[in-house]
Amino acid sequence: MNYILGAFKPACNISITLNDGKTRKQVPLKKENGQTAMVPLFQSQETIAGKISVEPLQGKKVDHNGIKIELLGQIEIYFDRGNFYDFTSLVRELDVPGEIYERKTFPFEFSTVEMPYETYNGVNVRLRYVLKVTISRGYAGSITQYQDFVIRNYTPPPSINNSIKMEVGIEDCLHIEFEYNKSKYHLKDVIIGKIYFLLVRIKLKNMDLEIRRRESTGSGANTHVETETLAKFELMDGAPVRGESIPIRLFLSPYDLTPTHHNINNKFSVKYYLNLVLVDEEDRRYFKQQEITIYRTAETSS
């Protein structure tokens with residue numbers, strides 16, 4: 001039995017080492033098995049270079065039909081699990097067919113790679129980048145090794161960032177105006193605003209402000225939408241009176257936000273909303289929702 005189990009062990013060990021691996025920033029990435037690993041961080045247009053080491057197990061040789069490394073950008077939709085949509089696919093051939101008797105090292109380089117989309121792990125979809133080494137073999141089956149890495153892309157603050165002003169009301173019963181200082185926020189920004197009560201003829205009990213993330217995957221009749229409430233902030237506890245105003249000051253940094261993603265490779269979108277919730281004494285709930293844009297800047301990225 002030990003012999004049979006051993007037959008399925010790889011004939012060699014493969015390691016992937018980046019040239020700047022000791023100095024490059026590492027960030028956490030949740031893997032398929034639910035565990036978190038520290039992986040290198042890059043941004044678009046960077047060069048990814050290093051070396052691949054192939055070391056046969058003691059007393060063995062590796063016959064192969066060629067060795068290659070690929071840089072892949074992939075989208076996987078979980079209800080179509082196992083099917084990866086490659087939006088980036090670069091290949092470097094490392095070795096021609098032959099035999100390896102002892103440790104052998106191959107340098108590789110992918111220069112100024114266009115990686116337009118950020119790494120994303122969501123409810124129904126993930127976008128990942130990976131280095132994949134393949135030792136092609138015939139009957140024995142190919143040997144592969146993977147190295148995940150994370151892409152974060154930074155944008156400058158928007159030149160135009162209009163405030164949001166809206167009204168919400170029930171005819172002859174309730175009239176509220178609320179405003180937020182802007183409509184676009186970076187990941188560590190602060191939402192500042194104010195709520196004005198112009199008419200109050202129903203008995204309100206409390207009011208909350210929620211941050212919601214809406215993830216859409218697929219298209220047409222096959223669209224799947226998941227909405228998560230990431231934050232809930234109590235603005236008011238008790239009945240307001242006409243003419244009263246309530247300030248809003250909500251810090252974004254404690255929450256697990258990502259940038260807004262618009263129709264990434266025609267596969268998915270991620271949008272954020274501020275949801276104002278009012279509850280009256282009979283537990284009836286009133287909502288007003290406003291979309292906001294979240295972006296990442298180099299200065300505020302962790």
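Residues are numbered from 1 along each chain as its sequence is written, and side-chain values rest on heavy atoms, with hydrogens and water left out. Because the model is predicted, local features need pLDDT of at least 70 and side-chain atom pairs count only at pLDDT 80 or more, while totals for chains, interfaces and linings use all residues. The protein averages a pLDDT (the predictor's confidence in each residue, from 0 to 100) of 88, and 95% of the residues score at least 70. Over residues 1-6, however, the pLDDT is below 50, and beyond near neighbours in sequence this stretch has zero contacts (heavy atoms within 4.5 Å) in the model. Where pLDDT is low, the predicted coordinates should not be read in detail.

The structure holds seven aromatic pairs; rings of Phe, Tyr and Trp (its six-membered ring) pair if their centres lie within 6.5 Å, and planes under 30 degrees apart count as stacked, over 60 as edge-to-face and the rest as tilted. The rings of Phe87 and Tyr117 have centres 5.0 Å apart and planes at 70°, so this pair is edge-to-face. It links distant parts of the chain, 30 residues apart, with Phe87 in strand 7 (residues 84-95) and Tyr117 in the loop between strand 9 (104-110) and strand 10 (120-121); strands (E, at least two residues) are DSSP runs, numbered from the N terminus. The pair of Tyr129 and Phe149 is tilted, because the ring centres are 5.8 Å apart and the planes stand at 35°. Here strand 11 (residues 125-135) provides Tyr129 and strand 12 (residues 143-151) provides Phe149, and both residues are buried (under 20% relative accessible area, with a 1.4 Å probe and protein chains only; exposed is over 50%, partly exposed in between).

Turning to the backbone, Gln45 has a phi near 75°, a positive value in a residue other than glycine, and lies in the loop between strand 3 (36-42) and strand 4 (48-56). Thr112, in the loop between strand 9 and strand 10, has a phi near 35°, likewise positive. Gln45 is partly exposed at 42% relative accessible area, and Thr112 is partly exposed at 48%.

Definitions and conventions
Helices (H or I, at least four residues) and strands (E, at least two) are DSSP runs, numbered from the N terminus.
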